[in-house]
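The entries below follow the order in which I checked them.

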Amino acid sequence: MNTTPHPGSIRQWLTDCRTAYRLRGSNWIIPEWYWQNYPEEFHRLRHSGSYRLGQSAIPLCNRIGRFFAHPAWHYVRRGAAAGCNPSLWFNTTAYCAAFPELRPGNINPLAHYLDSGSAQAFPVAPAPALSPVTAPQIRQQVNEQFRVTDAERLPDAPLPSGRIAVHIHLYYLSMAPFLAEALRRIPANFDLYVSLPATVQPEDAERVFGSLPHLGTMTLRTVSNRGRNFTPLLLEFGEALSHYDFVCHLHTKRSPHTRKLADWGPRLITRLLESADAVTRILARLNDDAKFVYPALPERWDPDPLTGWNANWEAAAALQTRLGFDPAALPPVIEFPHGGMFWTRGSVLRLLSGLPLEWNDFPEEPIPPDGTAAHAVERLILFWTQSHPGGCLRLSAPARQTR
């Protein structure tokens, strides 16, 4: 007797809900990668009631909408039958060819894979080299290669001598007062470099930052709206910043594509400039054995917890090729400062600003939330600076925003 629920039945809908809920938490479906590869489906989603419900300020409505706007739901209800792949490491069409009994509306192929176990998953083809089974070990190897260590609180240390610079890409003028308050926690003299879009007037920025304590010189420049915060850092101010001992790189980060990251930018800034003592401890580590200090990603959100690439591997490979590097050298799992804010050494920026990058390597805004050269550079800065002495210090447990 055939006990398979009818595709349009309530019973099938409930079964699909359970399957989607399971797949959503399996690490086998990468949301940004999925929508980047199936843009027509994402366009349809953006105009759906589920997407609008997921933007609701009412918590229950928000959770319900986000569930039905998640690619796990699309993959279970429509994507698998259409041959969509949930991530880089699972080929729906090849898997269904290996298991002909997996008809649309019968058993979801990815759920079948997870039920059958990795040893039995691909009887006619080898299991993928990179998967949720192998990725954690590869990530550990990459972190060792990049010399990444974690710390929640750094040990007390005296303030080292050395020249300090801060670069801010001030795309949103409304965040300038928050940044100015954070900069007051730098316990020594520093020079300030501010890059501005054409929509922000230099005198407005000067009015906010001009009276900061410990401020030395301030340089303001209007730049092209390309490459987000990295082109001003590397192409506009890179040579000047390379002459400093310590450099803090900040920008007015917002994440309008997801409500749950609304406070991410302020939290990153706060973690890097938490207090005068905290900044002193960071500078001491940079003076000792660190070349990067950056906040860890919030535990509540990681768009690609296994590889870190999200939908950006192809853009990174293209950029590697354009710069004359071997794209095959890119690791399958990448570590980088999520959010693109950090403390570093001027000598590190000398290495990065010496790369043959050009403004035209980066498309003009607006750009998608992933998959461009700007997103690739963010993911490649640790990779490109492996040869520089020192390690990368990742600050765990980002602090709550201070007022």
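Predicted model: local features only at pLDDT ≥ 70, side-chain atom pairs only at ≥ 80, totals over all residues.

**Entry 1: confidence.** Over residues 398-403 the pLDDT stays under 50. The model still gives that stretch 17 contacts beyond four places in sequence. I then took the chain as a whole. Its pLDDT averages 87, and 87% of the residues score at least 70.

**Entry 2: H1 against H8.** I moved on to helix packing. Helix H1 covers residues 10-24 and helix H8 covers residues 109-116. They pack at an angle of about 65°, with axes 10 Å apart. Roughly perpendicular starts at 65 degrees, so H1 is roughly perpendicular to H8. I logged the crossing of H1 and H8 as left-handed. From H1, the contact uses Thr19, Arg22 and Leu23. From H8, it uses Leu110, Ala111, Leu114 and Asp115. I sorted the H1 and H8 contact residues by class: four nonpolar, one polar and two charged.

**Entry 3: H10 against H14.** Next I took helix H10 (residues 176-183) and helix H14 (residues 264-272). Their axes lie 10 Å apart, at an angle of about 15°. Angles under 35 degrees count as roughly parallel, so H10 and H14 are roughly parallel. The H10 and H14 crossing is right-handed. I listed Phe178, Leu179 and Ala182 on the H10 side. They meet Pro266, Ile269 and Thr270 of H14. The contact of H10 with H14 has five nonpolar residues, one polar and no charged.

**Entry 4: H16 against H18.** I then checked helix H16, residues 313-322, against H18. The angle is about 70° and the axes are 8 Å apart. That angle makes H16 roughly perpendicular to H18. I noted a right-handed crossing for H16 and H18. H16 brings Ala315, Ala316, Leu319 and Gln320 to the contact. H18 brings Ala373, Ala376, Val377, Leu380, Phe383 and Trp384. I counted classes for H16 with H18: nine nonpolar, one polar and no charged.

**Entry 5: salt bridges.** How many salt bridges does the structure hold? I find 20. I looked up one of them, between the side chains of Arg228 and Glu365, at 2.5 Å from N to O.

**Entry 6: the backbone at Glu365.** I stayed with Glu365 and checked its peptide bond to Pro366. That bond is cis, with omega about 0°. Pro366 lies in the loop between H17 and H18. My summary for Glu365 is a salt bridge to Arg228 through its side chain and a cis bond to Pro366.

**Entry 7: Arg147.** I finished with another backbone check. I placed Arg147 in the loop between helix H9 (135-146) and strand E1 (148-151).

Note on methods
Residues numbered from 1 in each chain as written. Heavy atoms only, no water. pLDDT = per-residue confidence, 0-100. Contact = heavy atoms within 4.5 Å. Axes fitted to C-alpha atoms, helices over the stretch in contact; angles between N-to-C directions. Helix = DSSP H or I, 4+ residues; strand = E, 2+ residues; numbered from the N terminus. Parallel < 35°, antiparallel > 145°, perpendicular 65-115°, else oblique. Left-handed = near helix turned anticlockwise from the far one by under 90°. Nonpolar A, V, L, I, M, F, W, Y, C, P; charged D, E, K, R; others polar. Salt bridge = Lys/Arg side-chain N within 4 Å of Asp/Glu carboxyl O.
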